[in-house]
Amino acid sequence: MRRVVITGAGTINALGRDVATTLEAMREGRCGISDLKMRDLERLAIRIGGQVHDYVPEDRWNRQQIALYDRFTQFALIAAEEAIQQSGLSFTGKLAARSGVVLGTAGGGLSTSDENYRTVYEEGKNRVHPFIVPKLMNNAAASHVSMEHNLKGPTFTVATACASSNHAMGQAFHMIRSGMSDVMLTGGSEAMLCFGGLKAWEGLRVMSKDACRPFSLNRNGMVQGEGAAMFVFEDYDHAKARGAEILAEVIGFAMTSDAADIVMPSKQGAARAIQGAMTDAQLNSDDVGYINAHGTGTAANDKTECAAVADVFGHHADDLMISSTKSMHGHLIGGTGAVELLACIMALRDGVIAPTIGYEEPDPECALDVVPNEARDAKVDVVLSNAFAFGGLNAVLALRKFA
Amino acid sequence: MTVRDKVIAIIAEQAVLEPSDVTGDSSLEDLGIDSMGLVESIFAIEEAFDISVPFNANDPSESDFDISSVDAIVAAVEKLKAEQA
């Protein structure tokens with residue numbers, strides 16, 4: 001089997017418009033969650049989110065492009081551009097044919113659906129713009145990334161709710177490891193912070209009105225975010241031959257289904273995915289120094305996740321660090337695992353563990369080292385990234401420091 | 001239909017029981033209503049009475065809406081109706 005390394009990263013999210021700014025915010029424990037700005041806000045009960053403020057698509061694209069790019073596509077294109085630039089790759093000939101895109105998203109072009117439902121239902125118009133379908137489709141972002149960068153190999157979108165980007169990156173990893181592709185652009189993008197998107201989440205009664213406080217006893221729910229992160233996954237020999245800078249190595253992946261409940265998480269399902277990723281990477285439990293948690297800040301997730309980690313790691317659970325950066329950038333739903341992978345890379349490369357901010361009171365049911373409120377310097381060689389979705393779908397990645 | 005009758009009808013529908021089997025002292029748990037059934041019941045109550053129920057599924061016991069028994073829910077709905085009238 002081939003080795004898979006990461007040679008480029010890009011992002012846009014509430015913490016920053018690029019990787020450097022985002023990592024700086026994570027190091028400083030800065031909160032990107034703020035008052036939402038959107039139409040009909042007064043009709044929402046939830047008015048905070050990890051929103052990308054003061055974002056002007058016209059600064060980057062012309063009218064014809066914007067007519068085709070939903071907000072989630074724009075985010076994906078911005079993140080992909082940065083990642084490819086860092087990798088130094090340009091895709092022509094055989095490399096183009098052996099490179100593709102696997103993108104995670106849950107809502108796809110939800111903002112486009114939302115706006116156009118308004119047009120036909122609320123405003124009673126009988127005509128919509130001709131490109132609504134290619135703009136809202138879930139694969140639009142993956143396709144535009146492939147078109148923009150001439151990626152002609154396998155390209156598709158993965159939708160597994162909150163685990164979408166981990167599932168996507170897992171597919172990219174498998175495709176390179178097995179020899180199907182040499183380079184894959186992968187990650188996730190989400191732009192669900194629109195009126196309809198938030199209204200639907202409000203209905204579930206799991207959203208916090210004030211802050212995302214994962215693992216804290218007084219946590220009272222999740223906070224939505226938006227944005228994207230994309231990575232260049234590359235065959236190690238290919239990267240080595242061209243002298244590329246390697247950010248980290250992807251060494252394992254596993255996915256499981258709880259096959260139990262459409263919303264309530266299962267400790268067993270999560271534990272099987274964590275154990276599976278470690279087995280795939282041929283790791284012992286004491287190899288793992290840091291876990292980027294799913295850590296949504298809901299009652300159900302956080303205690304289930306901590307119990308799963310305790311089950312898998314036994315005594316070592318007390319020695320490892322586990323933090324949730326959702327406290328800073330919010331829950332990007334289908335894009336969340338991708339932004340969180342940035343924290344994993346920072347842990348491996350820079351020896352900085354991103355904190356769980358907003359942490360106020362210990363919860364005996366989440367009695368792990370959650371790196372409360374302040375980033376920590378620590379040398380770690382192996383990290384895991386957890387994602388556990390509605391529908392009981394779990395996906396865990398394992399990464400190793402590239403030395 | 002009184003407030004009590006309406007609340008009982010909503011809960012009975014969720015629990016797949018006859019309204020006559022839903023007694024005032026029973027808890028939703030006794031009636032076999034799980035967390036999703038609870039969220040649906042709250043939604044149905046809001047729609048039926050045109051009220052907004054303060055309820056966070058992360059910690060139902062900490063919400064300002066007492067759901068410990070059918071009687072408690074009826075009383076809470078009556079209070080909200082009076083407050084939000």
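Contact here means heavy atoms within 4.5 Å. By that rule, the meeting of the two chains takes 14 residues from chain A and 10 residues from chain B. Keep in mind that you're looking at a predicted model.

Start by showing both sides of that interface. Chain A and chain B bury about 800 Å² between them, with 47% of it on carbon and sulfur atoms. Now pick A:Arg205, A:Asn220 and A:Ala299: within chain A, these lose the most area to chain B, and together they make up 61% of what that side buries.

Next, colour by annotation. Select residues 1–401 of chain A, which an unreviewed UniProt entry annotates as "domain: Ketosynthase family 3 (KS3)". That span is 35% helix and 19% strand, and its end C-alpha atoms lie 19 Å apart. Then switch to residues 1–81 of chain B, annotated in UniProt (unreviewed entry again) as "domain: Carrier". Here you'll find 49% helix and 0% strand, with the end C-alpha atoms 15 Å apart.

Last stop: a helix pair. Select residues 71–87 of chain A (helix H3) and residues 140–149 of chain A (helix H7); their axes come within 9 Å and cross at roughly 40°. That angle makes H3(A) oblique to H7(A), and the crossing is right-handed.

Note on methods: Residues are numbered from 1 along each chain as its sequence is written. Chains are lettered from A and ligands numbered from 1 in the order in which they are written. This is a predicted model: local features need pLDDT of at least 70, side-chain atom pairs count only at pLDDT 80 or more; totals for chains, interfaces and linings use all residues. Side-chain values use heavy atoms; hydrogens and water are left out. Axes are lines fitted to C-alpha atoms, for helices over the stretch in contact, and angles run from 0 to 180 degrees between N-to-C directions. Helices (H or I, at least four residues) and strands (E, at least two) are DSSP runs, numbered from the N terminus. Angles under 35 degrees count as roughly parallel, over 145 as roughly antiparallel, 65 to 115 as roughly perpendicular and the rest as oblique. A crossing is left-handed if the near helix is turned anticlockwise from the far one by less than a right angle, and right-handed if clockwise. UniProt positions are given in the numbering used here, feature names are shortened, and annotations may be inferred rather than shown by experiment. Buried area is the accessible area (1.4 Å probe) that two parts lose on being put together, summed over both.
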